[in-house]
Amino acid sequence: MDIRLTSAILLGKITSLILKLSGSGATAAPGLFALKIDPNLIKKLSRKIKGGSVIISGTNGKTTTARLTFDILSSKYKIIHNRQGSNLLRGIASTLIQKAPVFGKIDFDLGLWEVDEATLSAAIENLSPKKIVLLNLFRDQLDRYGEVDTVRRNWQKSLSKLPKDTGLVLNTDDPGISFLAKSCKAKTIYFGVNDAQTNLPAIDHVADIKYCLNCNSKLIYKSLFSAHLGHYKCPNCGLGRPTPVIFAKNLNFKTNLTSSALLSIDHKVLTINYSLPGLYNVYNILAASAVSSNFDISPQIIKEKINGFSTAFGRFQKTEIDRKQIITMLIKNPAGANEVIRTLAQKDNLNLLIILNDNIADGRDVSWIWDTQWEVLKDKVKNITVAGIRSWDMATRLKYAKFKLSKNDIYKEISYSIADSIDKLNKNDTLIILPTYTALLEVQKSLSRLGGGKKWHEN
Amino acid sequence: MKYRLNICHLYPDLMDTYGDKGNIITIRQRCAWRNIDTTLTKISVGDKLKTDEFDIFFFGGGQDKAQEIVGKDLKSKKSTLTGSIENGAVLLSICGGYQLLQKYFKTIDGTVIDGIGLFDAYTVGSNTRMIQNLLIEINPDLQKEIDKAYQNTKYKIQNTNLVGFENHSGKTYLGKNLKPLGKVIKGSGNNGEDKTEGAIFKNAFGCYLHGSLLPKNPHFADYLITKALERRFGKISKAFLRIKLKPLDDSIEWQAHQSAIKKML
């Protein structure tokens, strides 16, 4: 018996029990404490997962992709997944502890782990994954992660050490992601969008890559979908977009915020009709389909699960209070927020509540709201309200985008802003709340107090 | 008479990492509210920069790799750019842009990247990243000038500070005769050692203040606009300021300024 491991698991379980009894939603603490006792806990426990582990990482879309992948893979396998947990090592440890008996037997077919960008290297080392899915890399919380290039260099370093039987699943439309295959031995498959354009409203893109990562020449884009995602080629060294085996085409984004597309998986073409908006969700669907088909799930099952999928916590989450609809869409960086804005610009007469916090998990630097093109929504809004710790910065941003905003529309207290915004709605109207990460937690609390839905950690 | 200012955004495709385009949005909008036209020209790698075409230059921050590409190209624009500044053009540079306008940048592994030496200053890479809200007290000489350009005192908020967010690992040291933009009240500033932040050379300014800087520091925004108008249309009278650069309602901006400070103290 491994005494160190057993006592770590025991401590983790006790912590978890205490937290549960006190009604707290903290999911990282048990893992954090247990890792202090046995730093190799993740290595030891994850080794016992029969089919090994899958890691999903990237700036945007991790949570949605992981949840959809979980839904699809669960049709055939018993999966352990950090669904409620944080996506740092401590969250992975918490999940393992929660699912392991004290003596550390793990009875699962596959581990599915959403991993924070800055934790990827450590997660790879601890989990020795069978597959790694990399969605995209955008500027995000530069105060915490540093430069995008730095994150990518760290990834490159740890991917170059992977054994050649590891599978890499990469977004071919992100030149900063497809580039990663160059420096590693792992087997790579690509997913991407094969249309030449999308039917979403236009937006000025904020690209983190404009010059070839190989030779510093300016990249040429035949199609540019979002930020620096598209069909690119370097005119100098020839580095281009690898052909995807999993791809989507005929994307159709509808004004009721549902979508349809043709999805091609290993030469089989399926029509999907699903209830998620926006281009970013197409990439999430492609990534989930790519992993799932690699674990021998049939295209038919994949299609069914996509069509039946309803979203992850705070990412296009729908609630109803007093016959009024509330939709919550997390915003946290320019690439993601711009796509949300574009998606919303398909509609008119929007009732919007934007909540800007600057806690550590939000990014303490609020500069990013100036990289986000709120101007696109100016003529699409009926009511607009702002709230949060940095509500005045958000109000200033909107003022310079020429929105009409009075001081009465600016709240510090999130709970008041929500109650008042719902109050102002007509019956059958929809309120769209765009919170940053820590604001989202408060939004969930407020909504459940007002009678809309479960507590977030029970989701 | 219709007034117009020509704005140049230097390397917007490479040096635009930290939301600094808010500074340009602010200058243009504050001009538009006063019926002053603006044009915006983007100048990047390989583009020609003509003498005296622009009244205001903006040069933002970028990633290290982008900074390398820009550093090489900037050499070809050195004489035009320094000539414009000698002739009174306004320039605001932030972080990476500020560093490239100095004499040189010595990276942590000892490589020296040449700058164009507009500012008599140099930067040395360090292992600590200075990442936090940054509050400075404006250089008193500059403050006197700002008070002339921005006369609105109805907000009862002290307008002698600038507030923003810094994120840099380079430590900047100013030459003996180069004036700093201000004195650090909270944060690191140029180097975290001598309490200076930024630099002033004629109407060219360098600093580490992201945020974006100008939206929530409207007094500095209006000062830059005034200087640019002065250069293009001659010495500006008090009457002109009162009529043409009429005070705007900046209460939201000053609240944003205050809430950023509150977060620090």
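These questions and answers cover helix packing and a chain contact in a predicted model. Residues are numbered from 1 along each chain as its sequence is written, chains are lettered from A, and ligands are numbered from 1, in the order written. Local features need pLDDT of at least 70, side-chain atom pairs count only at pLDDT 80 or more, and totals for chains, interfaces and linings use all residues.

Student: At what angle do helix α1 and helix α5 of chain A pack?
Tutor: Helices here are DSSP runs (H or I, at least four residues), and strands are E runs of at least two, numbered from the N terminus. α1(A) spans residues 3-21 and α5(A) residues 89-99, with axes 9 Å apart. Axes are lines fitted to C-alpha atoms over the stretch in contact, and angles run from 0 to 180 degrees between N-to-C directions. The packing angle is about 90 degrees.

Student: Are α1(A) and α5(A) roughly parallel or roughly perpendicular to each other?
Tutor: Under 35 degrees counts as roughly parallel, over 145 as roughly antiparallel, 65 to 115 as roughly perpendicular, and the rest as oblique. The angle is about 90 degrees. The two helices are therefore roughly perpendicular.

Student: Which residues of α5(A) make the contact with α1(A)?
Tutor: Contact means C-beta atoms, placed from the backbone, within 7 Å. From α1(A) come I9(A), G12(A), K13(A) and S16(A). From α5(A) come S94(A), I97(A) and Q98(A).

Student: Which residues of α6(A) meet α8(A)?
Tutor: α6(A) (residues 120-127) and α8(A) (residues 148-159) pack at about 20 degrees. They are therefore roughly parallel. On the α8(A) side are N154(A), W155(A) and S158(A). On the α6(A) side are L120(A), S121(A) and I124(A).

Student: Why do the buried residues of α11(A) line one face of the helix?
Tutor: Buried means 20 or more other C-beta atoms within 10 Å of a residue's own, with C-beta atoms placed from the backbone. In α11(A) (residues 299-307), I302(A), K303(A), K305(A) and I306(A) are buried. Seen down the axis, they line one face because the directions from the axis to their C-beta atoms fall within an arc of 165 degrees.

Student: Which helix gives the largest share of the side of chain A that touches chain B?
Tutor: Here 24 residues of chain A are in contact with 29 residues of chain B. α7 (142-145), α8 and α13 (391-400) of chain A each supply at least two residues of the chain A side. The largest share is six residues, and it comes from α13(A).

Key: Contact = placed C-beta atoms within 7 Å. Buried ≥ 20, exposed ≤ 12 C-beta atoms within 10 Å, placed from the backbone.
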